[in-house]
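Here are my notes on the model you sent over. Have it open beside you while you read.

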Amino acid sequence: MKKLFSRADAVLIAVILLAAAAVLVFSAAGATDGEAFARIEKDGETIHYFRLSEDLSYREYEIGGDIPVTVAAEKGAVWFLRSECPDHLCVRFGKLSKSGDTAVCLPARVSVSVEGEKKAVDAVTG
Amino acid sequence: MKAAEKKKANRPRLWIPVMILLLAVMLFPSCKAAAPYEQTNYVMGSVMQQTVYGSSGKNAAAEAYSAAVDMEYMISWKIGTSEISRLNENAGKEAAELSPETASLLMQALDLSKASNGAFDPTILPLSALWNFDSNPQHAPEQERIQERLAFVSADYLKVSENSARLLKEGCGIDLGAAGKGAACDAVIEVYREQGVRAGVVSVGGSIGVFGRKPDGSDYRIAVRDPAGTLSDTLGYLTISTDAFVSTSGDYEKFFVENGIKYSHILDSKTGYPAKGEAVSVTVIANGGAVSDMLSTACYVLGAEKSRSLLENYGAAALFVYPDGEIQAVGDLEFTLTNEDYQVKTP
C-alpha cells in the first residue's frame, strides 16, 4: 500500500506548521501590546506624530496659523492647552488618552487624536 | 517492481508541502489585518473623519471627501451658487432645475416632513434665518416677526420632481441644515461602495455612516456623547455589525441664553420658537444618512411616544436621553451604558 507521507514530506510539513505557529503567536502578541500614538493634524495634514507612552515627559506643541493653538502632552495623554479661537470648545475636550479619542479646534482646523492597535470606539455621535 | 518504478514511488511527494506552503503564504497576511486608512477634513462647518479598510482606502477617502464637498456646494442655502440658493431665489416665480442628488434629497425631506407632520420641515428657512443661531451676539426675535415668518413655512409650498423643484410662494425658502451632514454620509458611503473598499466609517459632525463589516470581525462601536458632560464624555455606545447610519440632535449643540431663557437651535415649525423637547438629545439609527439626520430632529421635536410610529415606518430606532439621567430606547438597537450618571429605562 502507498504511504500518504514519506519521511521527507513529514519533516517538511512539521517545519512549515511550526513556522506558521510562530508567526501567529508573534502577530497576536503585537496586536495586544496596547501602544498608543498621538497625531496632531492641521488642515488634515499630520504635523506631529509621537508615541504616547506613560513615561512621556511634559511637552507643548505650538501650532501657528490665523488662529494659533497649543497642544500639550504628558504621561499617556494629549490635549488642547490653549487656543485663540472664539469659543475654546477644543480646550473643553480635556485630556485624551484612549485609542480613538479625538478633539478638534474647528476654527483653527487642528485636530488631535489618539491612535492604537484597537480603538475603544469607531466614531462618536452627538 | 522494476528498479526505476520503485525509486519513483519512494520520492517525496513534493506537491503536499508545496500546497501547504502556498496556503500559508496566502493566509498569513490576512491573520493580521492591514491598518485602515484614516483621514480628517473639514466640510459643512464640521469635522469629517474617515476610517477606510482595504487597499483602495486612500483613493476612496479622497474621492469621498470631494463628494461631501460637492454635496455642500449643491445643498447649502448659505452658498450663493448652490442649487438650493437658486431654488430659494426663484420662490414664487419658477421651478429651479436640480441635479438628481439634490432632487432626491428634497424628495426624502418632503416625505419625512409629511410623515412627521412637520416636526422636521425643510421649508424652515424664513424662521432659521430670522433666529440666526450663528450670529454673535444672539437675540430672540420679536414675536411679531416670528408670526410673520410662520406664514411662509409649510411643506405644502414645496413641489419636487425628478430634476426640478418649485417653491410656490415668494418669501419661502429651503434650509437643509438638519439633513446635510447625514446626506454627506450617504454620498461618502456611495463612494466606498463604488470604489470597492472592504469597510469604512465616516463621521461628518455628529452624523455617522458605517459601511461593510470590519475586517477583524468585531462590531463597530459608535459612542454617544454625554449631553451634560465635557465634549469628550460619552454615555455609552451603540453596537453595529454592518451598514447603518447614526445621527443625533440635541439642545446642547447650539443655543444661547437671554434673560435667563435658554434658546436651542432646533425650531418647531408650528410655533416658530425653539422646540420644547422632553429629551435633551435624541440619537437615531437608520438605513440612510439623510433619513437618520432628519429623523433625529423630528424625534427631538415629537418626543418618544409620538416618534414610535414614525421610527417604525422608516425601520429606524432611537435613543432618547432625558435631563434626569434616564435613557430610553425606542425600537430595535443595541446600546451599552458606560456612564454611571445615567440609567437605561426598561420598557
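**Notes on the model**

1. Chain A first: it has 1 helix and 8 strands, with helices (H or I, at least four residues) and strands (E, at least two) taken as DSSP runs and numbered from the N terminus. Starting at the N terminus, the order is α-β-β-β-β-β-β-β-β.

2. Before going on, the ground rules. This is a predicted model, where local features need pLDDT of at least 70 and side-chain atom pairs count only at pLDDT 80 or more, while totals for chains, interfaces and linings use all residues. Residues are numbered from 1 along each chain as its sequence is written, chains are lettered from A and ligands numbered from 1 in the order in which they are written.

3. On confidence, the model comes with ipTM 0.87 and pTM 0.84. Chain B has a mean pLDDT (the predictor's confidence in each residue, from 0 to 100) of 92, and 90% of its residues reach 70 or more.

4. Back in chain A, four strands make an open antiparallel sheet, ordered β2-β1-β7-β6; strands pair if DSSP finds at least two bridges between them. β2 (45–51) and β6 (102–105) of chain A are the edge strands, each with a single partner, so one side of each has no neighbour in the sheet. Direction ignored, neighbouring strands here are turned by 15° against each other on average.

5. Ala103(A) sits opposite Val112(A) in β7(A).

6. Over in chain B, which residues of helix α10 (residues 304–313) are buried? They are Ser307(B), Leu310(B) and Leu311(B), buried meaning 20 or more other C-beta atoms within 10 Å of the residue's own, exposed 12 or fewer, and partly exposed in between, with C-beta atoms placed from the backbone. Seen down the axis of α10(B), the buried residues fall within an arc of 100° and so line one face of the helix; the arc is that of the directions from the helix axis to the C-beta atoms. Glu305(B), Ser309(B) and Glu312(B), on the other side, are exposed.

7. The buried residues of α10(B) pack against α5 (100–115), α9 (289–302), β14 (317–321) and β15 (326–330) of chain B. Just after α10(B), Gly315(B) has a positive phi of about 60°.

8. Last, Tyr42(B), in strand β1 (residues 37–43) of chain B. Leaving out residues up to four places away in sequence, Tyr42(B) touches Arg109(A), Val47(B) and Met48(B), a contact being C-beta atoms, placed from the backbone, within 7 Å.

Note on methods:
Contact = placed C-beta atoms within 7 Å. Axes fitted to C-alpha atoms, helices over the stretch in contact; angles between N-to-C directions.
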